[in-house]
Amino acid sequence: MSLQLDFPAVLERWPSFLGGAVLTLELAAFATVFGALFGTLAAVGRGSRSPLIAGACKVYVEAIRNTPLLVQIFLVYFGLASLGLKLSAFTVAVAALTINVGAYTAEIMRAGFEAIPRGQIEAAEGLALSRLQIYWHIILLPAIERVYPALTSQFVLLMLASSVCSQISAEELTAVANYIQSDTYRAFETYIIVAVLYIILSLVMRAGFWGLGLVLFPRRRRLGTPL
Amino acid sequence: MQQNPSSAPIVSLRDVQKSFGPLLVLDGVSFAVERGEVLALIGRSGSGKSTALRCIDRFEKVDGGEIVVCGHRVDRPDVDLRALRQDVGIVFQSYNLFPHLTIEQNITLAPCAVKGLAASQAKDLARKVLAQVGLEEKLHAYPEQLSGGQQQRAAIARSLAMQPKVMLFDEVTSALDPELTAEVLKVIEQLAADGMTMVMVTHEMGFAKGIADRIVFMHRGKVHETGPASILTSPTTPELTQFVGTGNLKS
Ligand SMILES: Nc1ncnc2c1ncn2[C@@H]1O[C@H](COP(=O)(O)OP(=O)(O)OP(=O)(O)O)[C@@H](O)[C@H]1O
Ligand SMILES: [Mg+2]
């Protein structure tokens, strides 16, 4: 039994790999931005005084957290199609990933919101700030700061999970790999390369979040406290 | 007797009732604070001092009675909270500075966001109020870089920046050791000398005696005894006698 690896045969497809990696990163970037916004709104909604809004947000979060991502993707894919909406695989993938990561973001942000001491909010109320101003100036950043590691890990996980978007033929990294391995009959080599590329993408994202953290939390930078 | 607005009390409570569930915490509390007056709320733990103070700024809704603060009917459900809270400054025992903002940002936030002050004006204001509490050099520090006493003084400055007509203090020195307590009390003394109207809950009897125009002694949710600071040295009720006698009049 001998293991024979032929990387050059696979590596000559590097433009395809690169294209797939870029598309994966794009998917992750869009879904992260939209999911962060959407999830934060859902987290705010869960604390709403209106039982209807709070309930709807809770149902959303629980429904998503208790179903597989692939099923969610198919639901969005076939759901939009049956509504007569013809959208690109990329758009569908971004929508499905946004809905998915939004639910996890909501849950993480809710923990962040709950960690803000009541006294902070009372002090802000005492200064005549409105509810919206209090969320924006007093609660949001410290809440994000508290959950930043959990939040950013979730976004990296999302990028990795986006590989299932190959199922609706979005041309991301895993889809490209499937194609190359069936073309070259070099499956092992192909997936080794893909694994390495995913690791690189993860590192790129983590570095990005680290840099973003420096911008978002100037106090950490000034006082030298790590996140 | 006619009452024009300028001679009306800044704060007045009349027969205020407040319960938390089955627990009756304020049982017909009445007192008034005139412009420029300093009123000290004293009493045993659980007697309802903080609750009374918080009702003034509507952090608690009353069940009955009437509260008028700077012309706002605080007991009414339709009270304009934002207008009320621009007229009232409140400082808590636990400072509650915003940890992610510098002292300057802590101070300028509300004047800019609520009153629409321009950033440059707000910064001038921040310098002014920090000078008032002796913390000019901490303008760009973060709260966690300050001592407890400095944080409390910064919190007072933050309130002052809104130019309130009355300041409420709830045991603002209870979390501090004696040395830091003294620096905070000095700031409050100066405010009193400048004519600020104040209501303060305090356990510092010596301080209350020195600064308060009036003492309200609360006992079991009622105003049990009230009068000028001299009631602390010559109380008439046995409860106040016991209260000031149990080492509370140390300083
Ligand atoms: N939000 C609340 N819910 C339920 N009970 C409360 C609440 N706030 C205060 N109480 C109760 O009301 C009573 C009066 O409380 P309050 O804080 O006004 O007392 P206090 O005179 O300020 O006492 P201390 O000197 O300990 O601060 C206490 O028995 C307290 O447990
Ligand atoms: Mg109290």
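Biologist: From the N terminus on, in what order do the elements of chain A run?

Modeller: This is a predicted model: local features need pLDDT of at least 70, side-chain atom pairs count only at pLDDT 80 or more, and totals for chains, interfaces and linings use all residues. Side-chain values use heavy atoms, leaving out hydrogens and water; residues are numbered from 1 along each chain as its sequence is written, while chains are lettered from A and ligands numbered from 1 in the order in which they are written. Taking helices as DSSP runs of H or I with at least four residues, and strands as runs of E with at least two, numbered from the N terminus, chain A has ten helices and zero strands. From the N terminus on, that reads α-α-α-α-α-α-α-α-α-α.

Biologist: And chain B, how many helices and strands there?

Modeller: Chain B has its C-alpha trace spanning about 55 × 45 × 40 Å along its principal axes. Its secondary structure comes to eight helices and ten strands.

Biologist: Why does the radius of gyration of chain B agree with a compact globule?

Modeller: The radius is taken over C-alpha atoms, and the globule rule is 2.2 Å times the number of residues to the power 0.38. Because chain B has 251 residues, that rule puts a compact globule near 18 Å, and the chain agrees at 18 Å.

Biologist: What share of the residues in chain A is buried?

Modeller: Buried means under 20% relative accessible area, with a 1.4 Å probe and protein chains only. In chain B, buried residues make up 55% of 251. For the 227 residues of chain A, the share is 43%.

Biologist: How far apart are the mean positions of the positive and negative charges in chain A?

Modeller: Lys and Arg count as positive, Asp and Glu as negative, with His and the chain ends left out; each charge sits at NZ of Lys, CZ of Arg, CG of Asp or CD of Glu. Chain B has 26 positive and 28 negative side chains, with centres 3 Å apart. In chain A, with 16 positive and 13 negative charges, the mean positions are apart by 13 Å.

Terms used: Buried means under 20% relative accessible area, exposed over 50%, partly exposed in between (1.4 Å probe, protein chains only).
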